[in-house]
Amino acid sequence: MTTPFLKKAAMIGLGAAIGLGSVFAAQAQASEQYLPSLVYRTGPFAPSGIGFADGFADYVTLINERDGGINGVRIRLEECETAYANDRGVECYERLKDRGNGATVVAPLSTGITYAVIPRSRRDGIVLSTMGYGRADAAYGRVLDNVFMVPTTYWSSMTATLSYIAEQEGGWDNLRGKDIVHAFHDSAYGREPLAVLRHYAEEYGFTLHEMAISPPGVEQRSVWQQIRRINPDWVSLYGWGVMNPTAIRTAASMGIPRERMIGGIYAAQDDAVLPAGSAAVGYKAVTFHGPGADYPIYEDLQRYVYDAGLAAGDGDLTGTIAYNRGLINAGYIIEAWRQAQAEFGEGRPSTREETLWAWQQLQIPESRTEELGMGGLMPPVNITCENHEGDGRVLVQQWDGENWVQLTDWIDTNRELVEPMYRESAMRYAQEEGITPRECD
Amino acid sequence: MIYRESGQFKKSYAADQAILPLRQDQVFLIGALLVAFLVIPMVASNYVMNALLLPFLIYALAAIGLNLLVGYCGQISLGTGGFMAVGAFAAWNLATRTELPMPVVFLLAGLITAGTGVLFGLPALRIKGFYLAVTTLAAQFFLIWLLQRPWFNNYSPTGVISAPEVNMFGWVVDSVTDRYYLALIILVVMALLAKNIVRSSTGRKWMAIRDMDVAAEIIGIRPMATKLKAFAVSSFFVGIAGVLWGFLYLGQLEAEAFNIYVSFDVLFMIIIGGLGSILGSILGAAFVVLVPIFLNVVPSAIGLPLSTAMISYVEIFIFGSLIIFFLIVEPHGMARLWSIIKQKLRLWPFPY
Amino acid sequence: MMFFFEVLIGGLMSGIMYALVALGFVLIFKASGVFNFAQAAMVLFAAMFIAGMHGDWGVPYWMAIPITILLMLGLAWIIERVVLRQLVNQEPIIMFMATIGIFFAIIGFAEIIWGSRSRTLDIGIPDQPLFIGDMLFQQYDIVTAIAVAVLVVLLLIFSQRTRMGRVLRAVADDHQAAQSVGIKLNTVWVVVWFVAGIVAVVAGIVWGGALGVQPVMVDVAFKALPVLLLGGLTSIPGAIIAGLIIGSGEALAEVYLGPIIGGGIDNWFAYIIAMAFMVWRPEGLFGEKIIERI
């Protein structure tokens, strides 16, 4: 009984020793730019994570294959699986940050992981690129100089959602007396836009109904029965994971018009609508990039990545929302390195300081997104010392049963409202953490 | 030969009752502590301290706590994650809303968790076995829901909160080494405490309840007081582990992160490590922390490139299989393996 | 009042869906005294194979479902061989933890084959709102309720009217007595896990259709457990009735109590109902009275 067990245990021990040894083994290719990718291809939110990870990896492959890297500096991508768990994310961050010639930028892909790595990244001087999730108040650049909310936050995207609703209703004045439901994942994520919504409800006189849905949200009948009784004019949906399709399905079965449901930026992905089947037709959502695959970059991806057999996934996720998000996140990171090289010398990998500098002044005008083959896909970026978000603009898309159809152009966000909110929250954080906000000219 | 007890005579009851009656064990323990306190901080890299040792120490503490309840008192609980969250959030609120010094905050957080544990332990008086396991899920789900109410994170817009600075009697625990030391000291002290509790009359009562509660009642053990004490002590340990998890390891707190799968992880630690063994809890924690990292690192190191996703699937599969494997082959876990090794060493190299 | 009944009926329908998962637990517990935590993983396993074979390989549903049922037989056989046989006569709590191991092993295995992306599983159950008078019903619910009713009747016939059913009941009554009259315990276990597997297939189709097939489906287990406890671990009708109680109780609480204390309470409310009830009657509604001897 015990002898085979002992052998097995000894083997496990030996394996562990080898494994640990290899962690410490230094690896350095001086000519490569190292890029860690914290992905969640498994876990409860995997359906969103897989597309993102594929898009992220495919864009890097494209740059390496088509251009031979950034001015000849190839990018070495390494994935680490977080399963959307905070401790795994921290472990990944710590494991990957000193690999290769050192990580310079990390996209943590989860609000929880972002919070855990913010103090670490400040100590290490690594840039955090958080697209929409994370600390909204990092958009105020004076406090956290290495965290970037490009291209939008929940707060600003919610102001755009309300602008869209107002436009549909024929003007802000017509919102008076309307009923707007915010159906949300009963967690901090879902509650985050409430501050903006409450402000607007007060200013424009509509009634805001806050409906919490308990995660994971596999059963939502009673919530939507209540919503049906309210008979709302608009429904804002902030679900995550399996909650989104279930919400759309349940809403449909209650006869709530999908055309009047607007998902938030993380209720805008394909895994929100596909499992809901025909119930999702007509569902709208705001997103911070163009939907679909009808962009020049996809021709290059086809030629250099998919046809060459280098695609990260099976190829059936291309053009999905999550995939496009992976593309543009990698696009921002690589553009920042390109600008760092232009400033500090081409043909060598950028250091942490150089990368940080590049992000702090990152400018990607519309013309540049077109040069990248991502015109209309990638929102332009305009970072200043004080503004780490840019314009925060989003657009509205609608699901037609097969594809997301872009309904509007970029919608401007209400900077007058959100910027003071960022500032107030960031300053409170600075005070708690003892950070002295830096001066901006 | 190496592990030889001949010639070591106990001349007093105290010597006979020592935690480690054998000199070899004492030497080994002192050696292990020396390594932990002196050698590791010098040689271990930042990554090892930060991402392996810290979670290991904290998980070990939680596992000891759960083992007191499950392994010693026989009351199975799936609410560990919830209790860790209670500890962490209690500490955060005490630290940010009051001026109490940090050690007091830690202690109070542990006591609050103990109180919560007693509250959710009440059904154990009527409900037993896996019925109880499922009712502890009530604690898990309810506590996480409760801690998500905005008051508990002081209306933070994202609901995720940053842990405050840890100041222990003027020692500002900031660097990785500091955090490692604090976690290690707390673990050592509390492990010693746990070891002594289970050797005391309390521990023996727990084991009597575990082995046959009706019989225990008949010989005069009060099941109510005994079980609730187990819940209280266990939750105290788990609560402190929660505080350390938020304050020392992650540096942030988020109620959702202490989900049901955390509870499972800790349960695995004690199954694999050994039910009813303090040492086993520590070994199990090491095992559960290391295996995923091992599986992530080894395939690429030996030139077998599996995709990150595939590694995770394989990891889930292997974890499940290991649980079954341990339950079948060695229900007493790694702690039992350790004692088997010691037995072998008594005779080595001349086994008969 | 109308609204009250709508909520009530919606809750009852959810309850039936929970009961469907709880049924699988009951079957196994009845026959082998094992609290099978892995039931939810079996539901996911079945749903993933049906949706995966249909989606990735183009196998039509009428073939994919029987193939999956055969796979459940294989799974039952493997579990009996690898796990149950080795752990016979162990304490129930050890068996319970072993099924937690099985839970993860099954999930891992299914993901190794199918990955963790979301798939649709639509075998054509209609999903439109249906108004009877002013009351809103969902066709999906009605079809589900009928399916569950048929399943329960079949299970009852199986256990009361067939030889195998009698054998199962004999084993449930007394392992040793059953063995001494020549019943092969191992075969019985395979059969009972297989039957639970078939229930898992039905649950997988229903839940997969409602949620999309993805790993988070196993979380329905956490909805089924309070149902199971309330109903008593050994009673098939108990599971259904408890499902109805929990489903409606949770829906009414969410609607009428939720707004007062902050919404989103249905995750834990079911557990509180079950827990409160069990403090009064530890064996659940229809469970067998636990008699302890020394």
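1. Order of elements in chain C. In this predicted model, the elements of chain C follow the order α-α-α-α-β-β-α-α-α-α-α-α-α from the N terminus on.

2. Extent and burial of chain C. The C-alpha trace of chain C spans about 60 × 50 × 35 Å along its principal axes. Of its 294 residues, 57% count as buried. Among the contacts in chain C with a separation of 6 or more, 75% are between residues 24 or more positions apart.

3. Contact between chain C and chain B. Chain C contributes 39 residues to this contact and chain B contributes 35 residues. On the side of chain C that touches chain B, at least two residues each come from helix H4 (92-114), helix H9 (220-231) and helix H11 (266-280) of chain C. H4(C) provides the largest share of that side, 17 residues. Sorted by class, the side of chain C that touches chain B holds 29 nonpolar, eight polar and two charged residues.

4. Packing of H4(C) against chain B. Two packed helices are described by the angle between their axes and the distance between the axes. For helix H6 (residues 129-147) of chain B and H4(C), the axes come within 9 Å and cross at roughly 45°. An angle under 35 degrees would count as roughly parallel, and one of 65 to 115 as roughly perpendicular; H6(B) and H4(C) are therefore oblique to each other. The residues that make this contact are B:Gly129, B:Phe130 and B:Ala133 on H6(B), with C:Pro92, C:Ile93 and C:Phe96 on H4(C). By class, the contact of H6(B) with H4(C) has five nonpolar residues, one polar and no charged.

5. Is B:Ile311 buried or exposed? A residue counts as buried if 20 or more other C-beta atoms lie within 10 Å of its own; B:Ile311 has 23 other C-beta atoms within 10 Å and is therefore buried. Leaving aside residues up to four places away in sequence, B:Ile311 touches B:Leu295, B:Asn296, B:Pro299 and B:Leu306, and also A:Glu81 of chain A. B:Asn296 is 15 residues from B:Ile311 in sequence, and the two are 6.4 Å apart in space, C-alpha to C-alpha.

6. Domains of chain A. Chain A is divided into domain 1 (33-152 + 293-392 + 415-433) and domain 2 (155-287). The centres of domain 1 of chain A and domain 2 of chain A, taken over C-alpha atoms, are separated by 28 Å. Their contact draws on 16 residues from domain 1 of chain A and 19 residues from domain 2 of chain A.

7. The domain 1 side of that contact. Which helices of chain A each supply at least two residues of the side of domain 1 of chain A that touches domain 2 of chain A? They are helix H2 (46-67), helix H12 (321-344) and helix H15 (415-433). H15(A) gives the largest share of this side, three residues. The residues on the side of domain 1 of chain A that touches domain 2 of chain A comprise nine nonpolar, six polar and one charged.

Definitions and conventions:
Residues numbered from 1 in each chain as written. Chains lettered and ligands numbered in written order. Predicted model: local features only at pLDDT ≥ 70, side-chain atom pairs only at ≥ 80, totals over all residues. Domains from an automatic or database assignment. Contact = placed C-beta atoms within 7 Å. Helix = DSSP H or I, 4+ residues; strand = E, 2+ residues; numbered from the N terminus. Nonpolar A, V, L, I, M, F, W, Y, C, P; charged D, E, K, R; others polar. Buried ≥ 20, exposed ≤ 12 C-beta atoms within 10 Å, placed from the backbone. Axes fitted to C-alpha atoms, helices over the stretch in contact; angles between N-to-C directions. Parallel < 35°, antiparallel > 145°, perpendicular 65-115°, else oblique.
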